[in-house]
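Please examine the structure shown below.

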Amino acid sequence: MSESILAVTMNPSVDISYPLDTLKINKVNRVTEVTKTAGGKGLNVARVLHQLKTPVIASGILGGTIGHFIENKLDEAKIKHAFMPINQESRNCIAILHDDMQQTEILEKGPVLTQRDEDKFLIHFENSLADVSVVTISGSLPKGLSDNLYEKMIAIASTKEIPVILDSSGEPLRVSLVGKHKPFLIKPNQEEIAQLIEQPINDLAELQEILSQYSIFEGVEWVVVSLGADGALIKHNNDFFRLTLPKITVVNPVGSGDSTVAGLASAIASGSNAFEIMKTGMTTGMLNTMEKQTGFINKALFNEYYNQVEIIKLN
Ligand code: ADP
């Protein structure tokens with residue numbers, strides 16, 4: 001059996017979209033075109049990996065009828081999954097699209113878990129690592145779990161020499177960066193880096209300076225700071241690279257960071273070189289912005305856009 005990427009989402013959701021001409025407050029609003037999808041950053045990663053034909057298993061925690069809905073959606077898409085079940089409901093996240101492109105969101109916080117759930121999950125996670133070559137961890141943690149859970153997962157993966165790609169923010173990211181075992185790759189955007197160091201970043205020269213000076217980035221092999229349409233600034237060990245992209249027509253940029261993670265993970269798992277890893281991540285991010293559906297890429301366009309990603313090595 002070929003090795004898979006384990007794509008972890010700890011707080012998945014069913015994302016519900018309610019399009020309305022006008023949102024009437026304190027009145028009944030009837031919707032006709034409801035769409036419900038399995039949501040969560042790691043699920044986007046899993047979907048893009050599946051489209052890239054990279055073997056993937058979606059994992060994390062889910063429960064209740066919402067959990068079943070998510071598993072059914074993954075089954076329909078023929079994406080393997082191995083979530084730890086809990087006896088609470090996973091969450092719904094509702095987006096009301098109304099009044100000329102306005103978006104009002106109602107987000108449930110999801111289940112509240114305990115130390116016992118955390119201990120059980122760590123065993124579940126360790127048992128999921130047979131035949132796994134790369135782990136991706138995306139998004140926030142459900143309430144009740146410790147901020148250092150991702151660090152504990154990184155430690156477990158590192159005993160099996162499995163690299164971990166961590167795409168999170170706030171405390172779970174900070175704690176993982178100061179831990180003994182480092183993630184192999186992190187993919188913050190510029191805002192997440194600014195939040196991490198608690199200081200605004202004015203330009204790319206300053207960003208590069210921060211990545212080379214701050215000790216929290218030491219020992220992380222790849223720091224991929226994605227910059228939306230501006231591509232990325234990437235630190236690979238002690239080298240810096242600036243990735244630039246062609247002009248494209250953006251249809252829906254939601255989930256581009258997750259698609260970038262999928263591209264990076266796929267290239268790392270297949271043993272690609274550093275340039276190929278960077279270019280693949282940029283290409284899958286770009287391709288996602290060109291589609292209406294979140295976590296979706298048109299693979300037929302891959303080579304055309306891959307060839308237009310430019311890499312400049314910085315001093
Ligand atoms: P996040 O969604 O995590 O904030 P970004 O917005 O930086 O991440 O997007 C991730 C990647 O997706 C970028 O590095 C780039 O490859 C691609 N991307 C995002 N927005 C655009 C855009 N407007 N034009 C071209 N590529 C884009």
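**The ligand and its surroundings**

Of the 17 residues around the ligand, those that come nearest are Lys-187, Asn-189, Ser-226, Gly-228 and Gly-231; a residue is near a molecule if one of its heavy atoms lies within 4 Å of it. This is a predicted model, in which local features need pLDDT of at least 70 and side-chain atom pairs count only at pLDDT 80 or more, while totals for chains, interfaces and linings use all residues. Residues are numbered from 1 along each chain as its sequence is written, and side-chain values use heavy atoms, with hydrogens and water left out.

- An N or O atom in the side chain of Lys-187 is 3.1 Å from an oxygen atom of the ligand.
- A polar backbone atom of Gly-228 is 2.8 Å from an oxygen atom of the ligand.
- For Met-282, a polar backbone atom is 3.2 Å from an oxygen atom of the ligand.
- The ligand taken alone exposes 550 Å², of which the protein buries 82% (areas by the Shrake-Rupley method with a 1.4 Å probe).

**Composition of the shell**

- The shell around the ligand consists of seven nonpolar residues, nine polar residues and one charged residue; Gly is counted among the polar residues.
- Helices α8 (256-269) and α9 (274-289) each supply at least two residues of this shell (helices are DSSP runs of H or I with at least four residues, numbered from the N terminus).
- With four residues, α9 provides the largest share of the shell.

**Thr-283 in helix α9**

- Thr-283 is located in helix α9.
- Thr-283 counts as buried because its relative accessibility is 0% (buried means under 20% relative accessible area, with a 1.4 Å probe and protein chains only).
- Apart from its neighbours within four places in sequence, Thr-283 is in contact with Phe-302, Tyr-305, Tyr-306 and Val-309 (contact means heavy atoms within 4.5 Å).

Conventions
Polar contact = N/O pair within 3.5 Å; in protein donor to acceptor, adjacent residues only side chain to side chain. Buried < 20%, exposed > 50% of the residue type's maximum accessible area, 1.4 Å probe, protein only.
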